[in-house]
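Open the model in your viewer and get ready to click along.

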Amino acid sequence: MSESSSLIVDVVAIRRQAGSRFDHTTRASVGETSVGDVDVDDGMVDVDLLVEAVIRGLTVSGTVRAHWSGPCRRCLVPIEGDVESELHEIFEAEPTEGETWPIVDERIDLTPSVREAVMLSLPLAPLCRDSCRGPEPDRFPTGLPDDDESSGDPRWAALDEIRFDQ
Ligand SMILES: [Zn+2]
(Lines give C-alpha, C1' and ligand atoms only; values in the text may rest on other atoms or scores of the structure.)
Protein backbone atom coordinates (compact mmCIF):
# COMPACT_ATOMS: atom_id res chain seq x y z
CA MET A 1 0.00 0.00 0.00
CA SER A 2 1.44 3.37 -0.93
CA GLU A 3 1.88 6.16 1.59
CA SER A 4 -0.78 8.25 -0.02
CA SER A 5 -3.45 5.60 0.44
CA SER A 6 -2.62 4.44 3.96
CA LEU A 7 -5.13 6.95 5.29
CA ILE A 8 -7.85 5.25 3.29
CA VAL A 9 -9.11 2.46 5.52
CA ASP A 10 -11.25 -0.55 4.67
CA VAL A 11 -13.95 -0.86 7.31
CA VAL A 12 -16.10 -3.65 5.88
CA ALA A 13 -15.04 -6.19 8.51
CA ILE A 14 -15.62 -4.11 11.63
CA ARG A 15 -18.91 -2.67 10.46
CA ARG A 16 -20.50 -6.12 10.80
CA GLN A 17 -20.67 -5.68 14.55
CA ALA A 18 -21.02 -2.59 16.70
CA GLY A 19 -18.21 -2.51 19.24
CA SER A 20 -15.62 -3.99 16.92
CA ARG A 21 -12.47 -1.95 16.77
CA PHE A 22 -8.93 -1.83 15.50
CA ASP A 23 -5.88 0.40 15.80
CA HIS A 24 -4.70 2.29 12.79
CA THR A 25 -1.17 3.57 13.24
CA THR A 26 0.68 4.90 10.25
CA ARG A 27 2.83 7.63 8.79
CA ALA A 28 1.46 9.19 5.63
CA SER A 29 1.22 12.38 3.63
CA VAL A 30 -1.91 14.48 3.76
CA GLY A 31 -0.61 16.75 1.02
CA GLU A 32 0.60 20.30 1.33
CA THR A 33 -0.50 21.63 4.71
CA SER A 34 0.38 25.12 5.80
CA VAL A 35 -0.83 28.12 7.73
CA GLY A 36 0.80 31.34 6.56
CA ASP A 37 4.52 30.59 6.17
CA VAL A 38 4.41 27.58 8.47
CA ASP A 39 4.50 24.28 6.56
CA VAL A 40 4.22 20.67 7.60
CA ASP A 41 7.36 19.02 6.20
CA ASP A 42 6.32 17.09 3.08
CA GLY A 43 2.79 17.02 4.46
CA MET A 44 3.83 14.00 6.54
CA VAL A 45 1.82 13.10 9.63
CA ASP A 46 1.98 10.30 12.16
CA VAL A 47 -1.40 9.02 13.21
CA ASP A 48 -2.23 6.71 16.08
CA LEU A 49 -5.96 6.12 15.87
CA LEU A 50 -8.62 3.78 17.15
CA VAL A 51 -11.39 2.97 14.67
CA GLU A 52 -14.51 1.65 16.36
CA ALA A 53 -17.86 0.53 14.96
CA VAL A 54 -20.91 2.12 16.54
CA ILE A 55 -24.60 1.66 15.74
CA ARG A 56 -24.81 4.20 12.96
CA GLY A 57 -21.25 4.23 11.68
CA LEU A 58 -17.74 4.56 13.02
CA THR A 59 -15.82 6.69 15.45
CA VAL A 60 -12.16 7.50 14.90
CA SER A 61 -10.15 8.88 17.79
CA GLY A 62 -6.54 9.28 18.75
CA THR A 63 -3.56 11.49 18.14
CA VAL A 64 -2.07 13.14 15.10
CA ARG A 65 1.50 14.45 15.05
CA ALA A 66 3.46 16.50 12.55
CA HIS A 67 6.74 18.38 12.23
CA TRP A 68 6.60 21.93 10.90
CA SER A 69 9.06 24.55 9.79
CA GLY A 70 8.81 28.23 9.01
CA PRO A 71 10.26 31.64 9.77
CA CYS A 72 10.20 33.36 13.15
CA ARG A 73 7.49 35.97 12.88
CA ARG A 74 9.74 38.73 14.21
CA CYS A 75 13.30 38.04 13.02
CA LEU A 76 12.53 35.59 10.17
CA VAL A 77 15.18 33.02 11.14
CA PRO A 78 14.07 29.50 10.14
CA ILE A 79 12.60 27.58 13.04
CA GLU A 80 10.83 24.26 13.44
CA GLY A 81 8.76 22.34 15.90
CA ASP A 82 6.32 19.51 16.49
CA VAL A 83 2.59 19.63 16.96
CA GLU A 84 0.29 17.02 18.35
CA SER A 85 -3.46 17.12 18.44
CA GLU A 86 -6.38 14.93 19.34
CA LEU A 87 -8.74 13.66 16.71
CA HIS A 88 -12.34 12.67 17.45
CA GLU A 89 -14.45 12.12 14.36
CA ILE A 90 -17.60 10.28 13.35
CA PHE A 91 -18.04 8.59 9.98
CA GLU A 92 -21.47 7.68 8.64
CA ALA A 93 -22.94 6.28 5.44
CA GLU A 94 -25.15 9.35 5.35
CA PRO A 95 -22.98 12.06 6.87
CA THR A 96 -24.20 15.36 8.22
CA GLU A 97 -22.58 18.18 6.31
CA GLY A 98 -19.91 19.86 8.42
CA GLU A 99 -20.31 17.46 11.34
CA THR A 100 -19.58 13.90 10.27
CA TRP A 101 -17.53 12.30 7.49
CA PRO A 102 -18.71 9.83 4.83
CA ILE A 103 -18.28 6.07 4.62
CA VAL A 104 -17.99 5.36 0.90
CA ASP A 105 -17.91 1.80 -0.50
CA GLU A 106 -17.12 0.48 3.01
CA ARG A 107 -14.03 2.65 3.20
CA ILE A 108 -13.19 5.83 5.06
CA ASP A 109 -10.69 8.42 3.94
CA LEU A 110 -8.97 9.88 6.99
CA THR A 111 -6.96 12.40 4.95
CA PRO A 112 -9.22 15.48 5.22
CA SER A 113 -9.96 15.12 8.93
CA VAL A 114 -6.30 14.43 9.79
CA ARG A 115 -5.17 17.35 7.68
CA GLU A 116 -7.70 19.62 9.37
CA ALA A 117 -6.58 18.55 12.85
CA VAL A 118 -2.93 19.23 11.99
CA MET A 119 -3.74 22.55 10.40
CA LEU A 120 -5.62 23.76 13.48
CA SER A 121 -2.65 22.90 15.68
CA LEU A 122 0.01 24.72 13.64
CA PRO A 123 1.39 27.88 15.24
CA LEU A 124 -0.05 31.03 13.67
CA ALA A 125 2.90 33.22 14.61
CA PRO A 126 5.89 31.15 15.75
CA LEU A 127 8.77 32.80 17.56
CA CYS A 128 12.39 31.59 17.69
CA ARG A 129 12.19 32.41 21.40
CA ASP A 130 9.52 34.13 23.44
CA SER A 131 11.66 37.20 23.94
CA CYS A 132 12.66 37.61 20.29
CA ARG A 133 12.51 41.29 19.44
CA GLY A 134 13.42 40.99 15.78
CA PRO A 135 16.56 41.99 13.91
CA GLU A 136 16.25 45.68 14.77
CA PRO A 137 14.52 45.97 18.12
CA ASP A 138 15.09 49.72 18.28
CA ARG A 139 13.34 50.22 14.99
CA PHE A 140 10.42 47.96 15.79
CA PRO A 141 9.84 48.33 19.50
CA THR A 142 7.57 45.59 20.72
CA GLY A 143 7.12 46.83 24.23
CA LEU A 144 8.33 43.47 25.48
CA PRO A 145 10.69 43.29 28.42
CA ASP A 146 14.19 42.03 27.70
CA ASP A 147 13.44 38.73 29.31
CA ASP A 148 10.40 36.63 30.03
CA GLU A 149 10.31 37.02 33.78
CA SER A 150 6.87 38.32 34.38
CA SER A 151 6.93 40.89 37.05
CA GLY A 152 3.93 42.14 38.84
CA ASP A 153 0.54 40.78 39.57
CA PRO A 154 0.73 37.21 40.89
CA ARG A 155 -2.81 36.63 39.69
CA TRP A 156 -1.39 36.48 36.16
CA ALA A 157 1.31 33.95 37.01
CA ALA A 158 -0.94 31.00 36.23
CA LEU A 159 -1.80 32.47 32.85
CA ASP A 160 1.86 32.99 32.06
CA GLU A 161 2.53 29.36 32.78
CA ILE A 162 -0.20 28.26 30.41
CA ARG A 163 0.98 30.60 27.71
CA PHE A 164 4.61 29.54 27.75
CA ASP A 165 3.97 25.87 28.33
CA GLN A 166 3.62 25.05 24.64
ZN1 LIG B 1 13.11 35.45 16.16
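Start with a cartoon of the protein chain, which has 2 helices and 8 strands; helices (H or I, at least four residues) and strands (E, at least two) are DSSP runs, numbered from the N terminus. Follow the chain from the N terminus and the elements run β-β-β-β-β-β-β-β-α-α. Please keep in mind that this is a predicted model, where local features need pLDDT of at least 70, side-chain atom pairs count only at pLDDT 80 or more, and totals for chains, interfaces and linings use all residues. Residues are numbered from 1 along each chain as its sequence is written, and side-chain values use heavy atoms, leaving out hydrogens and water.

Next, colour by burial: of the 166 residues in the protein chain, 34% are buried (under 20% relative accessible area; exposed is over 50%, partly exposed in between, with a 1.4 Å probe and protein chains only).

Now select the zinc ion. Its protein donors are Cys72 (SG), Cys75 (SG), Cys128 (SG) and Cys132 (SG), at 2.2 to 2.3 Å. Donors are N, O and S atoms within 2.8 Å of the metal (3.2 Å for Na, K and Ca); water is not among the atoms, so sites may look incomplete. Along the chain, the donors are spaced C-x2-C-x52-C-x3-C.

Zoom to Cys75, in the loop between strand E5 (57–71) and strand E6 (78–92), then to Cys128, in the loop between helix H1 (111–121) and helix H2 (157–165); the pair therefore ties together parts 53 residues apart in sequence. While you are there, note that Cys128 is partly exposed, at 31% relative accessible area.
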